[in-house]
Amino acid sequence: LLQDCSGKLSLSSRVAICGRNGCGKSTLMTLLCSELTPSENKDGAHGEVWRHHNLRLAYMKQDHLKALGPFFDTSPFVYITERFKEGYDGDLQRRLIEPEDEEEASRRKELAKQYGKYGNEVGELISRTKVGNHL
C-alpha cells in the first residue's frame with residue numbers, strides 16, 4: 001500500500017492521519033509502531049523506518065476490542081497497570097515476539113540466518129528508557 005514514502009515531523013508535532021478505506025493508514029501506523037517490518041523494494045533491499053529515540057506515539061488499532069475486551073468491567077487504571085506491570089508494554093512485547101502468521105515466522109527465520117548472532121533468532125525483546133545519562 002505504501003511505496004517510496006518519506007516524511008519528517010518534529011517531536012512536538014501532533015498529527016492526525018486521515019484517508020479513504022484501504023489507502024494505507026493502518027499500514028503506516030503499524031510500521032511506525034514497529035509491529036510491521038518494511039518489505040523489499042524492486043532492488044531487493046528492505047525499506048527503513050527511522051524513529052527518534054524520544055518519539056512517543058499513541059495509536060488505537062482497528063481491532064482494539066480484542067485488547068480492551070477483558071477490561072470492560074474494570075477501570076482504565078487496572079488496564080494500564082496490568083499492561084505495564086513488568087515496566088514495559090506487555091502486549092507490544094507479545095506481538096513483537098510471536099509472529100502474526102506463518103509468512104512472518106518464515107521471514108524472521110530467514111532474517112535470523114542472515115543477520116542473527118550465529119544464525120539464531122532473537123530470544124527476547126525488551127524496551128528501554130533513557131533517563132538522563134542512565135538506561
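Guide: Let's start with a term: a helix here is a DSSP run of H or I at least four residues long, a strand is a run of E at least two residues long, and both are numbered from the N terminus. Please keep in mind that you are looking at a predicted model. With that in hand, the elements of the protein chain read α-α-α-α-α from the N terminus on. In other words, the chain has five helices and zero strands. Of its 135 residues, 10% are buried.

Now to the charged side chains. As a reminder, side chains of opposite charge can pair when their charged atoms come close. The structure has five salt bridges, and I will walk you through some of them.

Take E82 and K85 to begin with. These two form a salt bridge in which the closest N and O atoms are 3.0 Å apart. How covered are the two partners? E82 has a relative accessibility of 39%, so it counts as partly exposed. K85 has a relative accessible area of 54% and is therefore exposed.

The pairing of R83 with D91 has another setting. Their side chains meet in a salt bridge with an N to O distance of 3.7 Å. Here both R83 and D91 are buried. Each of them thus has under 20% relative accessible area, because that is the cut-off for the word.

Next comes helix α5, which spans residues 102-115. Within it, the side chains of E104 and R108 meet in a salt bridge, 3.1 Å from N to O. Why might this pair be well placed along the helix? An α-helix has 3.6 residues a turn, so residues three or four places apart point the same way. E104 and R108 are four residues apart in helix α5, so about one helical turn separates them. On cover, E104 counts as buried because its relative accessibility is 19%, while R108 at 22% counts as partly exposed.

On the surface, a patch of negative charge is formed by E100, D101, E102 and E103. One of these, E103, has its place in helix α5. With a relative accessible area of 63%, E103 is exposed.

For contrast, here is a nonpolar part of the surface. L9, V15, I17 and L28 make a nonpolar surface patch of about 350 Å². L9 sits in the segment before α1, and this residue is exposed, its relative accessible area being 62%.

That brings us to α1 itself. The residues of α1 that are buried are M29, T30 and L31. Just after α1, S34 takes a positive phi of about 65°. C33 lies in the loop between α1 and α2, and at 18% relative accessibility C33 counts as buried. Its C-alpha atom is 9.8 Å from that of R56, a residue 23 positions away along the chain. Q62 has its place in the loop between α1 (25-32) and α2 (64-68). Q62 is exposed, with 68% relative accessible area. Although Q62 and S26 are 36 residues apart along the chain, their C-alpha atoms are separated by 8.0 Å.

A disulfide is a covalent bond between the sulfur atoms of two cysteines. To be counted here, the two sulfur atoms must lie within 2.5 Å. By that rule there are zero disulfides. What keeps C18 from being counted? The closest cysteine sulfur to that of C18 belongs to C23 and is 9.3 Å away, which is too far for a bond. Seen from C23, the closest cysteine sulfur is the one in C18, at 9.3 Å. Their cover can be read off as well: C18 counts as exposed at 69% relative accessibility, and C23 is partly exposed with a relative accessible area of 34%.

Conventions
Residues are numbered from 1 along each chain as its sequence is written. This is a predicted model: local features need pLDDT of at least 70, side-chain atom pairs count only at pLDDT 80 or more; totals for chains, interfaces and linings use all residues. Side-chain values use heavy atoms; hydrogens and water are left out. Buried means under 20% relative accessible area, exposed over 50%, partly exposed in between (1.4 Å probe, protein chains only). Patches are made of residues with over 30% relative accessible area and no salt bridge: like charges are joined within 9 Å, nonpolar side chains (Val, Leu, Ile, Met, Phe, Trp, Tyr) within 5 Å. Accessible areas come from the Shrake-Rupley method with a 1.4 Å probe; for residues, only the protein chains shown count as cover. A salt bridge is a side-chain nitrogen of Lys or Arg within 4 Å of a carboxyl oxygen of Asp or Glu. Lys and Arg count as positive and Asp and Glu as negative; His and the chain ends are not counted. The place of a charge is taken as NZ of Lys, CZ of Arg, CG of Asp or CD of Glu.
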